[in-house]
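Biologist: I am new to this structure and would like to go through it slowly with you. Could we look at it together and take its features one at a time?

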Amino acid sequence: MLRSAAARALTVGSLNPKVLALADHHHLRGLVARRAQSMQEELQANPSAHPFSEIIYCNQSNPHSQGQQPNKFFREVLALCDYPHLLDRSETSFMFSSDAITRAQEILGVIPGKTTGGYSHCQGIEGLRDAIAAGIASRDGLPSYSEDIFLTDGAAAPVHMIMHLLIRGQKDGILCPIPSHSLYTDSMVLRGATLVPYYLDESRGWRVNISDLKKQLDDARSNGIAVRGLVVVNPGNPTGQVLVEEDQCEIVELCKNEGLVLLADEVYQENIYTDEKKFNSFKKVARSIGYGEGDISLVSFHSVSNGYYGECGRRGGYMEVTGFSSEVRKEVYKVASLSSCSNISGQILMSLVMNPPKVGDESYPSYRAERDSILSSLSCCAEAMVSTFNSLEGMTCSKAEGGISVFPSVQLPPQVIEAAEAMNTEPDVFYALRLLESTGIVVVPGSVFGQVPGTWHFRCTILPQEEKTQLMISRFKAFHKAFMEEFCS
């Protein structure tokens, strides 16, 4: 006999209130995304249902779904590791590059059972961690050790892992940049922590304002909040800035002096589009100013989901944990062991990302050509979008120095604010929905990421292929002109 609704054991009201607290910005993001999905279905059923023939997704951090091609060398190695019987066939040498064959053999040699279908050590396969540590050492010019590396399912998993370790209750807080990806704020909400926001300075290209950062820290402490850590995203998401080394040094000094764990999100380290700046890991910066393991606790995150590889679905990533005592490290290991291990294909791909083909390898010319073509295309799309947004009435957009998105500001007329209030939604959500209905372009409202009160933004990824970017720009310019004329009259 079916139980009545009144007798059900689980209702929304009986769910964990921390889960329900996530609703606000997920609802805002979902409003636009759900409407885009329904419009996609409408176009499939009736191609003339809307005044455009396709939806242009500028909301997704999903490179391959936008047409970016996987790297040939990486996929060859993965194929050989997943089906090692190919290594025994004579025709394989004609189908795969010699260095891909050699690399696959080396990788299989360090995998227990020589199969990608089994479990590994919960921290990740030791031989792959050795390879990643070697890649980090090559990048930074400093030693890196495999025992500091935890291989994970993307970068989100280790963020949640570290939040589990740091947050004890609502009186604990984490300094987090605004705007920023919701991963960090979500993780804090789920654990009942207090968000301690620090606003990036849009007038200076989204730089960190160190004096504001210190003020937010002091204010939180005066309110009884035990601030445990500081999140920094470099290059920025959604803002696309690359931190200058001066700011990085000040951040390191602050964390060292104030006893904060530095959480460095460095997943976009390959996505740099300016000759004026380069990526420097926070570990390299800390060591360059004389701080060693005993001076600062640092966790660095990286993944295979971005860069020129963009392998989101492979769920590969790592965190490098330095400056923790042996007792604390045991607790990190304990939390890591709760999920058995990360997926083996993701572990392999992470090792390849940190150790790509080198000069003299058979695959190097094609690897470098693929890599450079993708990064050049992303840079061109970013430049075109920034130029377009800055040419439009009421819009400004900082240069995209890195990352995979731009975050333009829109000065919305009072009539738009009133119209949004009448719909019981945020003005930037209203703008994004009107943009979608008129053009089929999907963006993410800035209120999802946080923004200075009274300002309005949207996040637009630079991932659509160049020809689609030009189509997007054409549609956007026509929409914005008509939108402003409608609401400014």
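Biologist: How many cavities of 30 Å³ or more does the structure hold?

Modeller: This is a predicted model, in which local features need pLDDT of at least 70 and side-chain atom pairs count only at pLDDT 80 or more, while totals for chains, interfaces and linings use all residues. Residues are numbered from 1 along each chain as its sequence is written, and side-chain values use heavy atoms, with hydrogens and water left out. On a 1 Å grid over the protein atoms alone, a cavity is a set of points where a 1.4 Å probe fits but cannot get out, whereas a pocket is an open set with protein on both sides within 12 Å along at least five of seven lines. At a threshold of 30 Å³ or more, the number of cavities is one.

Biologist: How much space lies in the largest cavity, and how do its lining residues divide by class?

Modeller: Lining residues have an atom within 4 Å of a grid point, and here they include Pro177, Tyr198, Val232 and Asn237. A volume is the space filled by probe spheres set on the points, which are joined across faces, edges and corners, and for the largest cavity this comes to about 60 Å³. With Ala, Val, Leu, Ile, Met, Phe, Trp, Tyr, Cys and Pro counted as nonpolar, Asp, Glu, Lys and Arg as charged, and the others, Gly among them, as polar, the lining divides into eight nonpolar, four polar and no charged residues.

Biologist: Which helix gives the largest share of the lining of the largest pocket?

Modeller: The largest pocket holds about 660 Å³ of space and is lined by 27 residues, with Arg139, Gln269, Glu270, Pro356 and Arg371 nearest its centre. Helices are DSSP runs (H or I, at least four residues) numbered from the N terminus, and H6 (126-140), H13 (344-354) and H14 (364-391) each supply at least two lining residues. The largest share, five residues, comes from H14.

Biologist: Is Ser363 buried or exposed?

Modeller: Ser363 sits in the loop between H13 and H14, and its side chain makes a polar contact of 2.8 Å with that of Asp99; such a contact is a pair of N or O atoms within 3.5 Å, where within protein one must be able to donate a hydrogen and the other to accept it, and residues adjacent in sequence count only if both atoms are side-chain atoms. Buried means under 20% relative accessible area, exposed over 50% and partly exposed in between (1.4 Å probe, protein chains only). Because its relative accessibility is 4%, Ser363 counts as buried.

Biologist: Which residues does the network of salt bridges around Asp372 and Arg368 join?

Modeller: A salt bridge is a side-chain nitrogen of Lys or Arg within 4 Å of a carboxyl oxygen of Asp or Glu, and the side chains of Asp372 and Arg368 meet in one at 3.0 Å, N to O. Since these two are four residues apart in helix H14, they are separated by about one helical turn. Salt bridges that share partners form one network of Glu270, Arg368, Arg371 and Asp372.

Biologist: How many residues apart are Arg221 and Glu258?

Modeller: Arg221 forms a salt bridge with Glu258, the closest N and O atoms being 2.5 Å apart. This pair links distant parts of the chain, with Arg221 in helix H9 and Glu258 in helix H10 (residues 245-258), and the separation is 37 residues.
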